[in-house]
Amino acid sequence: MFRVTDDAQQRMRLAEFAAPRGLAERQVTALHDVAVAGRVRRSRYQRAEVLSAKQAQRDLQELTEVGLLAAVGRTRGRYYVPGDAYPAGVLEAARAMLTLVDPYRD
């Protein structure tokens, strides 16, 4: 349950960050994937948001141009990582270690 709550909080933080900057709500998915997995590929973003390849590429290019993402690699192997303008608080929260508790311990 904690992971679900943390995930929802990260998405909300990113949505609140994106809205005043005029970013599309769907672009939050790409930002969230970067927070959780450390990177996002166009194909993953395209499938998650049911976009055409061109629309997914335009979205990721826009996020790169404003510094939220940074492209790594060329064409087929390209993926995107956090850029200089990516909100640091979201990255820190996503990468924080969770302490798991043994439910069977006496």
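What pattern does the protein follow when it is read along the sequence? Good morning. The answer is α-α-α-α-β-β-α. Please keep in mind throughout that this is a predicted model. In total, the secondary structure comes to five helices and two strands.

Let me begin with the protein as a whole. The C-alpha trace spans about 55 × 30 × 25 Å along its principal axes. The protein has 106 residues, and buried residues make up 30% of them. Consider next the contacts with a sequence separation of 6 or more: 44% of them are accounted for by residues 24 or more positions apart. As for charge, there are 17 positive and 13 negative charges, and their mean positions lie 10 Å apart.

I turn now to helix α2, which covers residues 27-37. Is this helix largely enclosed or largely open? Nine of its eleven residues are buried, so the helix is largely enclosed by the rest of the structure. The buried residues include Gln27, Val28, Thr29 and Ala30, and also His32 and Asp33. After α2 comes Gly38, which has a positive phi, near 90°.

His32 lies in helix α2. With a relative accessible area of 5%, His32 falls under the 20% cut-off and is therefore buried. What is His32 in contact with, once its neighbours within four places in sequence are left aside? Its partners are Asp7, Gln10, Arg11, Leu14 and Tyr86.

Asp33 is also found in helix α2, and it is buried, with a relative accessible area of 9%. Leaving aside neighbours within four places in sequence, Asp33 is in contact with Gly38, Arg39, Val40 and Arg44. Ala48 is 15 residues from Asp33 in sequence, and their C-alpha atoms are 10 Å apart in space.

For contrast, consider Met12, in helix α1. Its relative accessibility is 51%, so Met12 counts as exposed, whereas His32 is buried. These two residues are 20 apart along the chain, and their C-alpha atoms are separated by 9.8 Å.

In soluble globular proteins, nonpolar side chains tend to be buried together. Here the largest nonpolar core has 21 residues, and those touching the most other members are Leu31, Val40, Tyr45, Leu60, Leu63, Leu69 and Tyr86. Which elements give two or more residues to this core? They are α1 (2-18), α2, α4 (53-65) and α5 (88-95). The largest share, five residues, comes from α2.

Leu63 shows how such a residue is surrounded. Apart from neighbours within four places in sequence, Leu63 is in contact with Leu23, Gln27, Ala30, Leu31, Leu68 and Leu69.

Leu69 brings us to the strands. Strand β1 (residues 69-72) and strand β2 (residues 79-82) run antiparallel and are joined by four bridges. The bridge partner of Leu69 in β2 is Pro82. The hairpin of β1 and β2 has six residues between the strands, and Gly73 there takes a positive phi near 90°.

Thank you for your attention.

Terms used
Residues are numbered from 1 along each chain as its sequence is written. This is a predicted model: local features need pLDDT of at least 70, side-chain atom pairs count only at pLDDT 80 or more; totals for chains, interfaces and linings use all residues. Side-chain values use heavy atoms; hydrogens and water are left out. Buried means under 20% relative accessible area, exposed over 50%, partly exposed in between (1.4 Å probe, protein chains only). Contact means heavy atoms within 4.5 Å. Lys and Arg count as positive and Asp and Glu as negative; His and the chain ends are not counted. The place of a charge is taken as NZ of Lys, CZ of Arg, CG of Asp or CD of Glu. A nonpolar core is a set of buried Ala, Val, Leu, Ile, Met, Phe, Trp, Tyr and Cys residues joined through side-chain atoms within 4.5 Å. Two strands pair if DSSP finds at least two bridges between them.
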